[in-house]
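Please examine the sequence and the structure shown below. The paragraphs that follow lead through the contacts between side chains.

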Amino acid sequence: MLIPFFMEGVAMCGLTQHKQIPLNNTNGKDYFVGPIQGDWMMLLDLLDDRGFSYDRDRLFSTGNIIGHGIDSFGATKLLEFDWFYSVHGRQEFWLLVGET
């Protein structure tokens with residue numbers, strides 16, 4: 001039952017696809033991260049510590065880039081980067097439908 005509710009909510013928000021994901025990353029590595037929850041500066045520090053290449057690598061997020069962290073608004077800036085891909089999570093859903 002969650003999927004119809006979720007899809008109804010997405011349609012209600014008027015969401016469209018943000019960007020297409022190329023299937024293969026032949027230039028670098030792919031990284032995956034769970035909820036960022038607004039702690040995006042800590043995430044960037046961790047990526048730097050692991051040698052993440054902002055020119056070649058890609059980062060995939062499972063959603064909830066905003067939330068309980070110290071800078072949810074700043075975390076939305078990640079969506080502007082070509083190397084960052086994310087699905088929207090529950091936190092983004094509630095923001096888009098106006099529930100806080």
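**Side-chain contacts in the predicted model**

A search of the whole structure finds 1 salt bridge, defined as a side-chain nitrogen of Lys or Arg within 4 Å of a carboxyl oxygen of Asp or Glu. The model is predicted: local features need pLDDT of at least 70 and side-chain atom pairs count only at pLDDT 80 or more, whereas totals for chains, interfaces and linings use all residues. Residues are numbered from 1 along each chain as its sequence is written, and side-chain values use heavy atoms, with hydrogens and water left out.

The salt bridge joins Arg58 to Asp30, with the closest N and O atoms 2.8 Å apart. Arg58 belongs to strand E2 and Asp30 to strand E1, so that the pair links distant parts of the chain, 28 residues apart; helices (H or I, at least four residues) and strands (E, at least two) are DSSP runs, numbered from the N terminus. Arg58 counts as buried, at 7% relative accessibility, while Asp30 is partly exposed, with a relative accessible area of 33%. Here buried means under 20% relative accessible area, exposed over 50%, and partly exposed in between (1.4 Å probe, protein chains only). Side chains of opposite charge can pair when their charged atoms come close.

Phe52 and Trp83 form an edge-to-face pair, at 5.4 Å centre to centre and 65° between the planes. Because Phe52 lies in the loop between H2 and strand E2 (58-61) and Trp83 in the loop between helix H3 (72-75) and strand E3 (84-86), this pair ties together parts that are 31 residues apart in sequence. Trp83 also forms a stacked pair with Phe81, at 5.1 Å centre to centre and 15° between the planes. Trp83 is buried at 8% relative accessibility, whereas Phe81 is partly exposed at 34%. One aromatic cluster contains Tyr31, Phe52, Tyr54, Phe81, Trp83 and Phe84.

The largest nonpolar core has 15 residues, of which Ile36, Leu43, Leu47, Leu59, Leu78, Trp83 and Phe84 touch the most other members. Such a core is a set of buried Ala, Val, Leu, Ile, Met, Phe, Trp, Tyr and Cys residues joined through side-chain atoms within 4.5 Å. Strand E1 (30-33) and helix H2 (40-49) each supply at least two residues of this core, and H2 gives the most, with 4 residues.

Definitions and conventions. Phe/Tyr/Trp six-rings, centres within 6.5 Å; stacked < 30°, edge-to-face > 60°.
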